[in-house]
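Biologist: Please take a close look at one part of this model, and then say how that part sits in the rest of the chain. Which residues are involved, and how are they covered?

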Amino acid sequence: MPTLTKYLFLAGALLILAGLVWWLFGDKLKWIGKLPGDIRIENNNGGFYFPIVTCILISVVLTLLMWLIRKFM
């Protein structure tokens with residue numbers, strides 16, 4: 001059980017860190033979610049938006065980060 005507690009604490013700390021970065025540098029990160037390839041369909045009744053390229057980019061960055069952490073620890 002202590003391992004689960006450690007991982008939950010780490011996940012919370014990472015979420016707080018991500019929120020802080022977004023709050024401090026949000027005006028410089030406006031390109032996130034607006035990359036070429038993100039799907040956006042709009043009409044008079046509403047719209048649909050799916051940032052697929054942004055999701056892929058974030059996934060690749062997090063995968064590389066986790067790989068580096070595992071390699072050096």
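Modeller: The account below begins with one part and then widens to the whole chain.

The model is predicted, so local features need pLDDT of at least 70 and side-chain atom pairs count only at pLDDT 80 or more, whereas totals for chains, interfaces and linings use all residues. Residues are numbered from 1 along each chain as its sequence is written, and side-chain values use heavy atoms, with hydrogens and water left out.

Helices (H or I, at least four residues) and strands (E, at least two) are DSSP runs, numbered from the N terminus. β1 and strand β2 (residues 46-50) run antiparallel and are joined by five bridges; strands pair if DSSP finds at least two bridges between them. The link from β1 to β2 is a hairpin of two residues. Among the bridges, R40 is partnered by Y49 in β2, and I41 is partnered by F48. In a regular strand the side chains alternate between the two faces of the sheet.

I39 shows the pairing in distances. The C-alpha atoms of I39 and F50 are 5.1 Å apart, although 11 residues separate the two along the chain. Contact means heavy atoms within 4.5 Å. Beyond its neighbours within four places in sequence, I39 contacts F48, Y49, F50 and I52. I39 is partly exposed, because its relative accessible area is 36%; buried means under 20% relative accessible area, exposed over 50%, and partly exposed in between (1.4 Å probe, protein chains only). The strand as a whole is hardly covered: none of the five residues of β1 is buried.

A contrast lies in helix α2 (residues 52-72), where T54 is placed. T54 counts as buried because its relative accessibility is 6%. Leaving out residues up to four places away in sequence, T54 touches I32, G33, K34, L35 and D38.

F25 has 43% relative accessibility and so counts as partly exposed. F25 also belongs to a nonpolar surface patch of about 960 Å², made with Y7, L10, L14, L17, L20, V21, W23 and L24. Patches are built from residues with over 30% relative accessible area and no salt bridge, like charges being joined within 9 Å and nonpolar side chains (Val, Leu, Ile, Met, Phe, Trp, Tyr) within 5 Å.

The structure holds one salt bridge, a term for a side-chain nitrogen of Lys or Arg within 4 Å of a carboxyl oxygen of Asp or Glu. D27 forms it with K28, and the closest N and O atoms are 4.0 Å apart. D27 and K28 are both exposed.

For the whole chain, the pattern along the sequence is α-β-β-α. The radius of gyration is 17 Å, well over the 11 Å that the globule rule gives for 73 residues, so the protein is more spread out than a compact globule. That radius is taken over C-alpha atoms, and the rule is 2.2 Å times the number of residues to the power 0.38. The C-alpha trace spans about 50 × 25 × 25 Å along its principal axes. Of the 73 residues, 7% are buried. Among contacts with a separation of 6 or more, 3% join residues 24 or more positions apart. The accessible surface is about 6,900 Å², and carbon and sulfur atoms hold 74% of it; areas come from the Shrake-Rupley method with a 1.4 Å probe, and for residues only the protein chains shown count as cover.
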